Amino acid sequence: MTFFFEVLISGLLVGVMYSLVAMGFALIYKASGVFNFAQGDMSLLAGLALVGFLTVMPLWLALLCTFAVMTILAYGTVFIIFRPLVARPPLILFMAAIGLSFLIQGIGQAIWGTDAKGLNIGIPEISFEISGIYLNTFDLTFGGVATALVAGLVWFFQKTRTGRALRAVADDHEAALSVGIPLLRAWAVTWVIAGIVATVAGVAWGSRLGVQFSLSLIALKALPVLILGGIDSILGAILAGLLIGASENLAEVFIGPYVGGGIQTFFPYLVALIVLWFKPYGMFGKEIIERV
Amino acid sequence: MGRKLIFGFFAIVLAVSFVFISGQAMAAEKKKAGPTQFFGILIYRTGPFAAGGSGIGSGWEDFMELRNMQGGVNGIKYSWEECETAYNTARGVECYERLKDKMVLVHPLSTGITYALIPRGTKEHKVVVSSGYGRADASDGCVFPWVFTTPTNYWSQNSAKIKFIGKQMGGMDKLKGLKIANLYIDIPYGQETKPMLDALGKKFGFTVRHFPVPWPGIDQKAQWLDIVRRYKADWVINRNWGVSCTVPLKEAARLGFPGNRILGVWWCGSEEDVLPAGPAAKGYYTANWHGVGRNFPLIQEIIDKVYGKMKGHISFTRVGTVYWNRGVYTAVINEEAMRTAHKKFGVKVLTGDEMRWGMENLNITAERIKEIGLEGFMAPIKTSCENHEGGKTVLFQQWDGNKWVKVDEIAPMTDFVWKRIKASAAKYAKEKGITPRDCSKVD
């Protein structure tokens, strides 16, 4: 039984890391209707920038500079790439996001090269045992960071003027415009927030895997989370991340040996598909009812 | 309207003239340079595995650059062209198709691409060299005349690995009852060694359990919990690729599994695999087939003459790293095959058949290795009609926290491995309707 709980807790902790990536997707989709294919690449860019800055400045300054890079990227993306595409079909926006993904990878490679880089921001990686269950300070730290980030985002969207404006834009672009909310500025703010979330995800995953181009693949882990939680729900991203992390770990350890193993990649999709059967917009996705 | 037409006309004339003149200039330059032996380089400088591809490709190109500065191989200079595969099999095949008319030898630099190119290369008389990757049974030249695994293959490597583990445990008899976990990335490359490890387990009495890691392998918590807490492995074989090589080192450290009980495949033994893991990588062992570092006369020559003239193909910091050195090794094998073929067919630009003969008659002795400037870097190689592997040892290295240190050199269990290579190749021949060559009748 102890082993079961160890696998479960380990899955929940890795699920938090998936949620960090999924939140970025949900934020942008909610505000602008863009399925941001480049979210994983944004985390990669943040990781690359941070490693680069860390070679010449202290951590706090390097983090600030990284946020600055992500802000420039956000404004550049909205005003250069998406501005001419306002009111275009979602597929066009998606294609633009794919283009953005390759652009970020190319820029990253041109500036920082292709070799893998270690990232150590000083979070201790000490393992300890409680009632026979191994835990690690690094995983727990990022669990705490993710929780704080979600709480901060919820507060921002519920309590601040800008947050309410962003929710208005997300609900109805035209209605928001009619009451004087600047659409492009709202989008830019959303991309900046998504950039900050991407930075946190980039730091978390970069510290685990090293900052290398494979980091962009973390986006793959976010997809079942988005399907399950609802593509436009931040709360859904968090809960679905936990569910996916736990279920894939448990499935790999307890079902895997009977079917040859290696099922942790497709199992989350299976869970997500079953949920879609009953909840077509995901657990917390907004149901879209259109007059036909 | 008329003015626009005239401007348009002049612009077209100008563009056509430019293309025509520059084309002629390039052709004249080419003629002046003389005939060259062309190599198509199926490289991956982009994508998740870029660290490996860029290192190997650049080491290879740096060597050719040096040789061209020295006048070429017996006067025949190299020319080459890169084609980006991004480690994607479909793109690799496309690159081969694009370059096949110019090249006679190809290094696919990917097991998936190798599988795809074996029938093509065989049909179109292009030598396919899969050094330390691809199909292990392709070492049998009777069935695979156009494929070379020189200097060694995965099965030989794994038999040497088991000998290495035995040595670490205090003797081969100590393998009995041991639990070995084979942690592999779940793609054909990862699956290649499962039968060999099973057979070795039966022979020596150890238990081996295979733990698949789904691509891309960025999260392996479940596998590691199973390996350490439930299976309670004594040794772990790390058979991953790219980022999935690094993850095990971190996960093992978290669970208190010692780094010096993890033994990696030679594709998990580069600086790029261990540096991101930080202190967790200390003590980790991997296989290899060539030396590491810059302390070899040939590499010093490349540094002086190629990088000294700013003609290097990669950041100078990567010169002497595992993947860059592997690129130099690749280039040396190609060149020795060319020199061997020149002796038989005369000094000229070689055809595919001639290059294949060169590869099949390699005899790189210890004296020749010293002459090349790579003493201590590589072991002697001797290929034949039947033996397309040619190497005799597998190196082992350990990460000391800062650099790779060579710790051992072990001969594979040749008889044990070759019995299985012959059986597997015979099965392949039967499936494909290939009549194996009779090597006693081959020149």
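Let's start where the two chains meet: 32 residues of chain A are in contact with 36 residues of chain B. Being in contact means that the C-beta atoms of two residues, placed from the backbone, lie within 7 Å. Which elements of chain A give two or more residues to the side that touches chain B? They are helix H1 (2–32), strand E2 (133–136), helix H8 (183–209) and helix H10 (234–255) of chain A. H1(A) gives the largest share of that side, five residues. The helices (H or I, at least four residues) and strands (E, at least two) are DSSP runs, numbered from the N terminus.

A quick word on what you are looking at. This is a predicted model, where local features need pLDDT of at least 70 and side-chain atom pairs count only at pLDDT 80 or more, while totals for chains, interfaces and linings use all residues. Residues are numbered from 1 along each chain as its sequence is written, and chains are lettered from A and ligands numbered from 1 in the order in which they are written.

Now please find the seven-stranded sheet in chain B. This sheet is open, its pairing is mixed, and its order is E7-E6-E8-E9-E10-E13-E14. Two strands count as paired if DSSP finds at least two bridges between them.

Strand E6 (residues 179–185) of chain B pairs with E7(B) in the parallel sense, over seven bridges, and B:Lys179 stands opposite B:Thr207 in E7(B). E6(B) also pairs with E8(B), again in the parallel sense, over five bridges. There, B:Leu183 stands opposite B:Asn238 in E8(B).

Stay with strand E8 (residues 235–239) of chain B for a moment. Is E8(B) largely enclosed or left open? Five of its five residues are buried, so the strand is largely enclosed by the rest of the structure. Buried means 20 or more other C-beta atoms within 10 Å of a residue's own, exposed means 12 or fewer, and partly exposed is in between, with C-beta atoms placed from the backbone. In a regular strand the side chains alternate between the two faces of the sheet. In E8(B), B:Trp235, B:Ile237 and B:Arg239 point one way, and B:Val236 and B:Asn238 point the other way.

On we go to strand E9 (residues 262–264) of chain B, which pairs with E8(B) in the parallel sense over three bridges. B:Asn238 has B:Gly264 in E9(B) as its bridge partner. E8(B), helix H9 (residues 243–254) of chain B and E9(B) make a right-handed β-α-β unit. Right-handed means that, with the strands pointing away from the viewer, the path from the first strand over the helix to the second runs clockwise.

Chain B has another open sheet, with three strands in the order E3-E4-E5 and parallel pairing. Strand E3 (105–106) and strand E5 (147–148) of chain B are the edge strands, each pairing on one side only. Helix H4 (residues 111–124) of chain B packs on this sheet and touches E3, E4 and E5 of chain B; its direction makes about 160° with that of E4(B). For that angle, axes are lines fitted to C-alpha atoms, for helices over the stretch in contact, and angles run from 0 to 180 degrees between N-to-C directions.

Most residues other than glycine have a negative phi, and most peptide bonds are trans. Where are the cis bonds I want to show you? One runs from B:Thr150 to B:Pro151, with omega near 10°, and B:Pro151 lies in the loop between E5 and helix H5 (154–169) of chain B. Another joins B:Trp215 and B:Pro216, with omega about 5°; B:Pro216 is in the loop between E7 and helix H8 (221–231) of chain B.

B:Ala86 has 16 C-beta neighbours inside 10 Å and so counts as partly exposed. B:His125 also has a positive phi of about 55°, and this residue lies in the loop between H4 and E4 of chain B.
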